[in-house]
Amino acid sequence: MAHTISRRDFLRLSGASCAAALAPSILAGCARPKVDENVIKVGVMGPYSGEVAQYGLAVRSGVELFVKQLNAAGGINGKRIELDIQDEKGDATEAVNVYYKMMEDGVVAIIGDVTSTPSIAVAQASLRDNMPLVSGSATAPDLIKYGHNTFRTCITDPFQGRVMADFAAKQGYKVVGTIYNSGGDYEVGVNDAFVRRAQEKGIQISRQEGYAAGDVDFKAQLTSIIATKPDAILSPNYYQDDGKIVTQARELGFKGAFLGADGWANIVGGEQEYASAADLEGCFYDSSFVSANDAANVQDFIRAFNDEFHEQPTNFCALGYDAAMIMFDAIRRVEEGGARPSETEAYRAGIIDAIATGHVEGVTGAISFEGTGDPVKSTLIITFENGVEKIFDTISS
Amino acid sequence: MTFLTQVLNGLQLGSIYALVALGYTMVYGIILLLNFAHGDIIMVGAYISWVAMASLGLHPAIAVVLSIGGCALLGVLIDKVAYAPLRNAPRLSILITAIGVSYFLENGAQLVFGADAKVVPAFVDAPNIVVGDAHVSVIAVITIVVTAVSTAVLTFLVQRTKLGRAMRAVSEDMGAARLMGINVNTTISFTFAVGSALAGIGAILYSMAYAQATPTMGIMLGTKAFVAAVLGGIGSIPGAVIGGLLVGFAEVLVSAIGLSVWKDAVVFALLIIVLIVRPTGILGRTMNEKV
Amino acid sequence: MANEKSTNVAGARPEGATATRARRTLSTPARYVINTILVVAFLVIGDLMVSGGAISRYQGFVLQQVGIYIIMAVSLNIATGYLGQLPLGHAGFMSIGGYSCAIFIIRVSEAIGVTSQDFINGTPVCGLLFVVGVVFGGLCAALSGLVIGIPALRLKGDYLAIITLGFAEIIRVVMLNIDTVVGFELTGGAKGLIGIPPYTSFLNVFAVVAISLFLIHTMMKSRHGRAILAIRDNEIAAEATGVNTTYYKTFAFVVSAFFAGVAGALYAGCIGVMAPARFGFMKSIEILVMVVLGGMGSMLGSVVSATVLTILPEALRAFADYRMIAYAVVLILTMIFRPQGLMGRYDFSLGNVIEHLMNGELPWARKKADKEADANA
């Protein structure tokens, strides 16, 4: 018992630690946000730690690049843009915490969230406040059904599933098997939409195999799928899993095509190559952004991104960049209309209206909204040649 | 042919689980601790391989030695720093410490290496063996052989050597072993070294088969192997192997019949059923409670 | 608070110090009245501060989570601290409570035409829905606790830990895939259950916290509570003295699951979405850490550590990158230097404190008296 601290000391200690923990939040409550008329404060939220941190960090870098360029060009209406960046670890609870914190900090709009479930939680919470919300990457269809204040710059899961099913029909595939992460809303969403559309088009879905998040061995499922002799396999997952799936399927002797969605972006071309060039021959996925795109604005973006972060931008970086573009285009028009950030309610309502009528030439294609929060934009079918991505086809909305 | 391929899939998966389960079993056998950090030691081993080969460009053989040695060292270090001060504390405290170590390793790895997966280069460049329709992966064969050899060596070590006898004595009764002149702390350290070296071998086989290292890769692998160890009877070497293969085959079988989304539920249901019928696992010894 | 007898310093100190005059005591009704007044005052003041804006919406929201995790920690403490078992599947009960309450409220409010806005305004029918929903969530969790507890409690120690972990994982997989089996949208599968009406507020969350703490406290003070503690201290001896150990173990486990379900029900309304991935093994561990850090068998410990561990990550936002590592290090260090947890088995009783004050037994006075007693001995 020599090392036991006396109980009273301990109570004192824990009381002190409680107080220490509470103090910052209480102090924060006392300091009411001051509205600085020369600064436009916009919130940016996403997962910057935890299991999905790579996507959040990528989106954030795109937003930061855009704002840096904007501020360098004199900001909006002579006002500087200030970002309030908060981590939500990919968790819905933390995302709503962050949302309320940003409300308290007096942001005029929020760029976020990154993944679907936290984004929906924030969309539900923001409805009451009429807070403009632009997500660069949350693809779940339900995101925009809560209110007119929520927008996204990416294409949705069902849209991607339909695009790839149409593509499969065009390629003349008769039998297709699917393998998807059954614990992920994105993967399930694309898979379901693909299967529905493919069956309408007369493609036989020979086998649908799920796997759990965190699985690394897909051989059992792939063996079952390959036994049905499919022309193609749909793998609408994120690139790390896709890499393993392609490699293992090739190992099991599968020579057909692979179809994927924009989760494939970054499978090659980044810091790591998740599948070999030989294995990637005959793989197709859809995405709005690819470095191989020759368009001038895309190449400018890639160059600026390289200068800023010394690495290649991914699909998520581009989506973040476009989300910022939509948001600040709207804010610029609101500012030009003479609105003042100090009249927060009206200012926010103005931004929402401006986004809804906006049109920008983003690096992920031209984006506009026609009455919903979903963008009207084109998408690209991307394939691989000697391990390098290249545009195979362009699908207009 | 599909059937044979699936059997091979089951054997490969089961072998990796078995190898990791052996590490759990050894540590549990000697200090009755569910070493939650065991899966994370594998993660560290995979990162060591990645650093050695991808960053430093070392020969794969050196990477293998570094990974196994690094894991063994890490295991001993964890025991000395986090578990040894708690030898006489309540069991639950050590368990929480193990969880703390696991959190520490996962978040530390994320801070150092980032959340994105690192691709571990191939250790061996071996094409598939094609038998008729079936593709037999050389890596699968290597995995199965390495696990079999490791198990044999481990069994010899525990059953036939002096150190092995000391380990069994400590596991039987720590106090009595000390009275018989066994250096208990050295023996425990040795057990951690062996168990973690097995994790190192597991890390190599894992990297060979799946080629990616992520900070959270140890969680799933650790949980499954842990289930395997308990299923076979924790503390028993043949039990761990049987448990590992059983879990591997169960997963493959469930996937093969088209119920892959229920795979994890079936594995845990299997565990529950075995524990209800045989409360200490398939080969576990039943212990009589003292009054 | 069940252990105050064994750890209460006043009880353990030498009798000689105060034996000279009759000890003044507080009657049980008086204790109840004092505590009730304080709880009501706390709720009313808190609610006024929330509606008046002294507590911002952000702080109010974090406080709701504090309340939810207090219930989680205290309910796990029944199984861990009082019963002496180690279940690792507490998050499973939380998810069952959350899903069942949320589905119930969504379906019923659709059927009777109650909107989200009504919940924000707090109409009487919403109050009724809240009470019924939370109790329903608790009962569903308790039922699953019964189904899981009967086989699981046949096992001991680590095996019980593993089997409960297994059950929780099965619950998670079922929540994920049940929709394809039942053929209609029930849990929403991987995309989660969304659009849950915001049926919680500071007031009703902390009212539930107060009621839960009161119920658990009185249970532990009763015959049933003493039976549970007897099982923890020595199962065989308890059985020999006629305690029906199987019954009481299951009972404690079911009560623990019930309150976890209640907490889950509050969680669903607080966050507005339920996703199965959030109720995995790590969540169970998170709650276990709260209980162990606070001190197993101490209700005060659970409350304090649940509060601190919920607020701390928010307070440490600025150090985002390092906060999980710091958490891990604190966990390891606490266990090494204080394996019995912060509070050990100590519990706080306001009544006893007042009694001490009434008798003039102040902390410093006590120290002096103890010293004198030591000197006499």
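A: Two residues are taken to be in contact if their C-beta atoms, placed from the backbone, lie within 7 Å. The model is predicted, so that local features need pLDDT of at least 70 and side-chain atom pairs count only at pLDDT 80 or more, whereas totals for chains, interfaces and linings use all residues. Residues are numbered from 1 along each chain as its sequence is written, while chains are lettered from A and ligands numbered from 1 in the order in which they are written.

With that definition, 84% of the contacts in chain C between residues at least 6 apart in sequence join residues at least 24 apart. Helices (H or I, at least four residues) and strands (E, at least two) are DSSP runs, numbered from the N terminus, and by this count chain C has 17 helices and 0 strands. A residue is buried if 20 or more other C-beta atoms lie within 10 Å of its own, exposed if 12 or fewer, and partly exposed in between, with the C-beta atoms placed from the backbone; of the 377 residues in chain C, 51% are buried.

One helix pair of chain C can be followed residue by residue. Two packed helices are described by the angle between their axes and the distance between the axes. Here the axes are lines fitted to C-alpha atoms, for helices over the stretch in contact, and angles run from 0 to 180 degrees between N-to-C directions. Helix H9 (residues 202–221) and helix H12 (residues 245–271) of chain C pack at an angle of about 175°, their axes lying 11 Å apart. That makes H9(C) roughly antiparallel to H12(C), given that angles under 35 degrees count as roughly parallel, over 145 as roughly antiparallel, 65 to 115 as roughly perpendicular and the rest as oblique. From H9(C) come Val205(C), Val208(C), Ser212(C), Ile216(C) and Met219(C), which meet Val255(C), Phe259(C), Val262(C) and Leu266(C) of H12(C). Ala, Val, Leu, Ile, Met, Phe, Trp, Tyr, Cys and Pro count as nonpolar, Asp, Glu, Lys and Arg as charged, and the others, Gly among them, as polar; the residues of this contact divide into 8 nonpolar, 1 polar and no charged.

Two strands pair if DSSP finds at least two bridges between them, and an open sheet of 5 strands in chain A has the order E2-E1-E3-E4-E5, with parallel pairing. Its edge strands are E2 (80–87) and E5 (150–152) of chain A, each pairing on one side only, and the twist averages 25° from one strand to the next. Within the sheet, strand E3 (residues 109–111) is joined to strand E4 (residues 133–135) of chain A by 2 bridges, and Ile111(A) has Val134(A) in E4(A) as its bridge partner. Helix H3 (residues 92–105) of chain A lies across strand E1 (39–46), E2 and E3 of chain A, running at about 150° to E2(A).

Chain A also holds an open sheet of 3 strands, with the order E11-E12-E13 and antiparallel pairing. There, E11(A) and strand E12 (residues 365–369) of chain A pair over 4 bridges, and His359(A) stands opposite Ser368(A) in E12(A). Helix H11 (residues 315–336) of chain A lies across E11 and E12 of chain A, at about 150° to E11(A).
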